[in-house]
Every structure is written in structure tokens, then in C-alpha cells.
Amino acid sequence: MTGNHISQKDVLPVGAPMEELFLRRFAEALERADDVKMEDDFRGYEEWDSLSLLVILSMVDDEYDVSINSNQFVKMKTVKDIFEFVVKNPDKNYVRDSSS
């Protein structure tokens, strides 16, 4: 046991919308205390720096198995831009239905 404690407010219910989960993961990746909203210009966050770019790209790759290259990322302005890219470019091996 690692000793990490997850409070009830940190746990999303089964079947929670993908958008809500993505926002939670985005905020956690940046260690952001304030809420993250889809319309946010993420580059305007106080926490945003060059390391943040790598953290977000890594989160997207690890959690959704989607790679974003620098040419694609430079065109993204809002959290929603990143989310929509993830939704439109799912990994073909990513299993969404666990009933198999």
C-alpha cells in the first residue's frame, strides 16, 4: 500500500462523461487547484510553462494512447481543442467496452 488517500470527491462515478474525466485529468496533470473548463485558454494558466506542455502531451498519450505532435499542438488554443483532438483520434487498440 502506498499510503495515498483518494477522497470520495476525487472519484468519478462509473459512466462519468469522458469530458468530465478529461477535465479532471488535465487539472491533475498541471497540479491546478482551480477548475479547468473546456473554453479555457490553457496557455494563460499561471501554472503553464514549457514543462506543462510535456506533461499534457504525456497525459494524453498515457491516458488515451493519442499522440499530438508539435505542429498539431501549436494550433490548439483551448482545453476543448485538445479534448476534441483526443476524441477524433482514438487509438484503434483502445478498448472502451470492458464487456469483451
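In helix H4 of this predicted model, the residues Val 79, Ile 82, Phe 83, Phe 85 and Val 86 are buried. Among the elements of the chain, H4, residues 79-88, has the highest mean pLDDT, at 95, while H3, residues 70-74, has the lowest, at 92.

Of the 100 residues in the chain, 29% count as buried. Where contacts between residues at least 6 apart in sequence are considered, 54% of them join residues at least 24 apart.

The loop between H1 and H2 holds Asp 40, a residue that is buried and yet has no salt bridge. The nearest side chain of opposite charge belongs to Arg 32 and is 4.9 Å away, whereas a salt bridge would require a side-chain nitrogen of Lys or Arg within 4 Å of a carboxyl oxygen. A polar atom of the Asp 40 side chain does, however, lie 2.9 Å from the backbone nitrogen of Lys 37. Leaving aside residues up to four places away in sequence, Asp 40 touches Asp 35, Tyr 45, Lys 77, Thr 78 and Val 79; of these, Val 79 is also one of the buried residues of H4.

In helix H2, the reader may turn to Ser 58, which is partly exposed, with a relative accessible area of 33%. Ser 58 and Ile 68 are ten residues apart in sequence, and their C-alpha atoms are 9.4 Å apart in space.

The chain averages a pLDDT of 82, and 74% of the residues score at least 70. Over residues 1-12, pLDDT stays under 50, and the model has seven contacts beyond four places in sequence for that stretch. Residues 93-100 likewise have a pLDDT that stays under 50, with three contacts beyond four places in sequence. Where pLDDT is low, the predicted coordinates should not be read in detail.

Definitions and conventions:
Residues numbered from 1 in each chain as written. Predicted model: local features only at pLDDT ≥ 70, side-chain atom pairs only at ≥ 80, totals over all residues. Heavy atoms only, no water. pLDDT = per-residue confidence, 0-100. Helix = DSSP H or I, 4+ residues; strand = E, 2+ residues; numbered from the N terminus. Contact = heavy atoms within 4.5 Å. Buried < 20%, exposed > 50% of the residue type's maximum accessible area, 1.4 Å probe, protein only. Lys, Arg positive; Asp, Glu negative; His and termini not counted. Polar contact = N/O pair within 3.5 Å; in protein donor to acceptor, adjacent residues only side chain to side chain.
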